[in-house]
Structures are given as C-alpha cells and as structure tokens.
Amino acid sequence: MSLLKQTIAAILPLDNEAAWAADARLNSLTKPPGSLGHLEELVRRYAAIRHDESVKSGRGAIAVFVADHGVAEEGVSAFPQAVTAEMLRNIAAGGAAISVLARRFGYSLKVVDVGVKVDTSAKPLSGVTYRRIGAGTRNLLDGPAMTPDQTSRALEVGIEIARELSDSGATLIGIGEMGIANSTPAAALLCALTGIAPESIVGRGTGLDDAGVRRKIEVVTRALEIHRDALASGESMLAALGGFEIAAMAGVCLGGAASKVPVVVDGFIATAAAAVAAKIHRRLFDHLFFSHRSAEGGHALALEHFKLRPILDLGLRLGEGTGAALAMNVIESALDLLNNMATFESAEVSGKVR
C-alpha cells in the first residue's frame, strides 16, 4: 500500500467525547457561558482533532513549501520567476515576513524546496530542506503540469513533513507557500472544485494591472477547458492544474489529520491545496483550521462555497504562511484561556443563578 493510501486509511473521525470534555471545562470557567465566542469553538475542535480530553497544547510549527511554475511564461505574474529562488534565500535567512512571525511566536519554521527552478542544493542553503520533485512544473497550457508520479511524490513529501513535525512534538502545524505564478494554478483548482467562474476567482496575485488580470483569466479559462477530462479526482486534478508546493501542502493536510495534529491553512493558495486534499478525503475539512479571509481574488467566495469560517480577516494576501502563523497564535491563546483560567469552584466565585 502506498504512503498516500496508508495515510488516508489512518484518518479517524473527530473525537466528540474530547470536544464535550473541553466544552464542560469551558463552562466551568469564571465567565458567562459562551462569552469567549468563536474561541470556544476553536478549543472544542482542537480537542476533537487531537482526540485529547485534556486539551493540552504543545509546540507550533510552520511548513513553507517553495516551487516554480511553467505557467509563469504566460505573463501571469507581475514579478519575474527569479524571485522564487531569491525569496527562498530570504525566508531561510530570516528576512521574510513569515520568518519574523515564526520568531515572534516561537514556532519552528521548516522551509522546503520542492521544485524551485534554480537548484541551490549543490551548495545547500542553511535552513532549507531539499525535497525537490523537479525544476518547476510544466506550463499547464502545454499539458498536465505534473506527471502522476510527480503528483504522488509531492503529496508524499507533504505527508512526510507532517509526520516529521508531529514526531518532533508539534501539536499545531501551519502551512504556507512561495512560488511566482502559483496563484494561477490555485485559481484554476478552486474554479474546478467550486464551479465558480474564473472571472470571480482570479485575482491580482503579486500586483497585476487590469490587462494582466484579463490575461490571467484567459489562461485559467483555457486550462480548465484543456484539462476538463482530468478533473474527476483530487490526484488527477492536481496533476493537470497544480504545482509541487500545492500538492505538498495537500499532503500536509492529510498527514496532519492522520497524526491527529490540526493543520492551520494559510490563504488563497493554501486553501486550494486544502480543498484538493478534501477531494481526496471528503471529511478532511473537519481536521483543518482556516486562518484568514484573504484579499486575493475569490478567496472569500471559495470559503463561502465550502462553508468554512476563517479565524481572521485582515486584508492579507502575502502568502508564506503569515496568516496561518497569526491564527495559530489565536488558537494557542484560546487553549491558554481554557487551561489557565480559574473555575467558579477554584476561585470561589458564584455561578449563574439557576
């Protein structure tokens, strides 16, 4: 049995008893019932995903996957493809936004090259893990972006990274990405999964002008037409339209669920990865937190389609896992309240009049 099939088979339903135990603890705290709002739902879901009635938090980790895309040659990004390798160096060196946030919150940061066009593995960059599938994907207008073998390998890389982080003590994993032109395959995947028109899903990405957005919409529309016979399954959809980093993030979503570790999904591109993972395992959304409502393209429409409630809405559209890191801190704050607030009994505070 392949690693992917083993992982899917290992994903268990949520533990409702753990959620009920967390709810009982919440209702015993010195506060009006339900007064912590959505924070209380985060606690209950965390307990259910972890299968842990004690609802203890451990360490947080961020996995950022970096890769290039052949569709960049269609002029769908405002930045040159060389920026992918340059940002790989910047993230690893600690100068990117996600590097700052990971340090700020004390999260381990795993930066994974799964297919940057410029191969730096001969002289490895400090802080980069090399799990390269290839030197970028094929242009999805010329054929499938990835072969079936590449797709399986990229999914398994994500599963392996999730396992490694879980084994090292992570109890919350955030996913993010970097890759010039990757909002184009992400938009195509979300269109395929939701049925929403490209005109409503495609956004400006790194800052396209109006003409660039029109060109990007045309590319996504053509890609969906070219690959319409390959959109039946999550794996075939990924191969046709996706990218190495998108598939790897989907793998983390599956691997985290199998390890009972909640995965916190970043923005537009990470949501496309999570949605494909949910196509592979239909109850997977139960095991994920969605960090924020991105300002990119039709992210809000996609979240609404899947009936997903994001934790934050800050107008972010940076990627890298920045929204995931901020939302992880909110989840950890909710867990701290659960575990460190006094109860009515311990504080000798009178409870609600019955």
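Figure 1. E320 sits in the loop that joins α13 and α14, in a model that is predicted. Helices (H or I, at least four residues) and strands (E, at least two) are DSSP runs, numbered from the N terminus. E320 has a phi near 70°, a positive value in a residue other than glycine. K307 also lies in the loop between α13 (299–305) and α14 (322–340), and its phi is near 60°, again positive in a residue other than glycine. Most residues other than glycine have a negative phi. Buried means under 20% relative accessible area, exposed over 50%, and partly exposed in between, with a 1.4 Å probe and protein chains only.

Residues are numbered from 1 along each chain as its sequence is written.

**Figure 2. The six-stranded sheet.** The open sheet has the strand order β3-β2-β1-β4-β5-β6, with parallel pairing. Two strands pair if DSSP finds at least two bridges between them. At the edges are β3 (128–130) and β6 (288–290), each of which pairs on one side only. Neighbouring strands are turned by 30° against each other on average, direction ignored. Axes are lines fitted to C-alpha atoms, for helices over the stretch in contact, and angles run from 0 to 180 degrees between N-to-C directions. Strand β5 (residues 263–265) pairs with β6 in the parallel sense over three bridges. V264 has F289 of β6 as its bridge partner.

**Figure 3. Helices α6 and α14 across the sheet strands.** Helix α6 (residues 148–167) lies across β1, β2 and β4 (170–178), and runs at about 155° to β1. Helix α14 lies across β1, β4, β5 and β6, running at about 160° to β4. N340 belongs to α14 and is exposed, with a relative accessible area of 61%. The C-alpha atoms of N340 and L29 are separated by 9.4 Å, although these residues are 311 apart along the chain.

**Figure 4. The two sides of helix α5.** In α5 (residues 97–105), the residues I98, S99, L101, A102 and F105 are buried. They lie on the same side of α5 because they cover an arc of only 170° around the axis; the arc is that of the directions from the helix axis to the C-beta atoms. R103 and R104 are exposed on the other side of α5. What do the buried residues of α5 pack against? Their partners are β1 (59–67), α4 (82–93), β2 (108–115) and α14, where contact means heavy atoms within 4.5 Å. Just after α5, G106 takes a positive phi of about 75°.

**Figure 5. The largest nonpolar core and L284.** The largest nonpolar core has 124 residues, and F65, L241, L284, L288 and I331 have the most contacts inside it. Helix α12 (residues 268–280) gives the most to this core, with eleven residues. A nonpolar core is a set of buried Ala, Val, Leu, Ile, Met, Phe, Trp, Tyr and Cys residues joined through side-chain atoms within 4.5 Å. Not counting residues up to four places away in sequence, L284 touches I11, C253, L254, A257, A277 and A278. In soluble globular proteins, nonpolar side chains tend to be buried together.

**Figure 6. T137 and its surroundings.** T137 lies in the loop between β3 and α6. T137 is buried, with a relative accessible area of 10%. Leaving aside neighbours within four places in sequence, T137 is in contact with D68, H69, G70, A145, M146, G242, G243 and F244.

Methods:
This is a predicted model: local features need pLDDT of at least 70, side-chain atom pairs count only at pLDDT 80 or more; totals for chains, interfaces and linings use all residues. Side-chain values use heavy atoms; hydrogens and water are left out.
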